[in-house]
Amino acid sequence: MKERVARVNKYFDQQIEQCQQRIRALQADERRDEANLEKVRANVYDIFRTILSVAEKTCKDDPNAMKQFFLKRMEQIPANWVTAHAKASEHGDVVKIQIEQIKLDTVGEIRQVFGQIWEG
């Protein structure tokens, strides 16, 4: 189990570092709006890295409980983002739509990679 947790954490660390590199490059090009969107993406990775850590502490050495804990949060948290996306669509708020879509796309990627690593 610890190896799986380490591999998922490595994935999160790599993704956050890539986002930070893109943020620096975009800021250097004075593309602040795009840099802010990368910050949103990095934040989603960080949120789920934290959730994995909480799952590890809460579930101790039970890999199935840990997986269920993580996947349950992976459903609960994005539910708010789906709602925010729908409200932004109703109001034609293009920036908010884009932000919420990035969150949803990122969590979809995390779900896929987590499944690949965890099931292994």
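Author: Just after H1, the backbone of Glu-30 adopts a positive phi of about 60°. Helices here are DSSP runs of H or I with at least four residues, and strands are runs of E with at least two, numbered from the N terminus. The model is a predicted one, in which local features need pLDDT of at least 70 and side-chain atom pairs count only at pLDDT 80 or more, while totals for chains, interfaces and linings use all residues. Residues are numbered from 1 along each chain as its sequence is written, and side-chain values use heavy atoms, with hydrogens and water left out.

Reader: Where is Glu-30 found, and is Glu-30 buried or exposed?

Author: Glu-30 is in the loop between helix H1 (2-28) and helix H2 (32-59). Buried means under 20% relative accessible area, exposed over 50%, and partly exposed in between, with a 1.4 Å probe and protein chains only. Glu-30 has a relative accessible area of 60%, so it is exposed. Lys-60, in the loop between H2 and helix H3 (63-91), also has a positive phi, near 50°, in a residue other than glycine. Because its relative accessibility is 57%, Lys-60 counts as exposed.

Reader: How many salt bridges does a search of the whole structure find?

Author: Side chains of opposite charge can pair when their charged atoms come close. The criterion is a side-chain nitrogen of Lys or Arg within 4 Å of a carboxyl oxygen of Asp or Glu. The search of the whole structure finds 11 salt bridges. Arg-31 takes part in a salt bridge with Asp-29, where the closest N and O atoms are 3.7 Å apart, and in another with Glu-34, at 2.6 Å from N to O. Arg-31 is partly exposed at 35%, as are Asp-29 at 48% and Glu-34 at 37%.

Reader: Which residue forms a salt bridge with Glu-100, and is Glu-100 buried or exposed?

Author: The partner of Glu-100 is Lys-96, with 3.0 Å between the closest N and O atoms. Both lie in helix H4 (residues 94-119), four residues apart, which is about one turn of the helix. Glu-100 has a relative accessibility of 1% and therefore counts as buried, whereas Lys-96, at 33%, counts as partly exposed.

Reader: How is the span of H1 to be read, and which of its residues are buried?

Author: The expected span of a helix is 1.5 Å times one less than its number of residues. H1 has 27 residues and reaches 39 Å from its first C-alpha to its last, close to the 39 Å expected. Its buried residues include Val-5, Val-8, Tyr-11 and Phe-12. The buried residues of H1 pack against H2, H3 and H4.

Reader: Which residues touch the most other members of the largest nonpolar core?

Author: A nonpolar core is a set of buried Ala, Val, Leu, Ile, Met, Phe, Trp, Tyr and Cys residues joined through side-chain atoms within 4.5 Å. Among the 26 residues of the largest core, Phe-12, Phe-48, Leu-52, Phe-70 and Ile-110 touch the most other members. H1, H2, H3 and H4 are the elements that give two or more residues to this core, and its largest share, eight residues, comes from H2. Contact means heavy atoms within 4.5 Å. Leaving aside neighbours within four places in sequence, Leu-52 is in contact with Val-5, Val-8, Asn-9, Phe-12, Met-66, Phe-70 and Phe-114.
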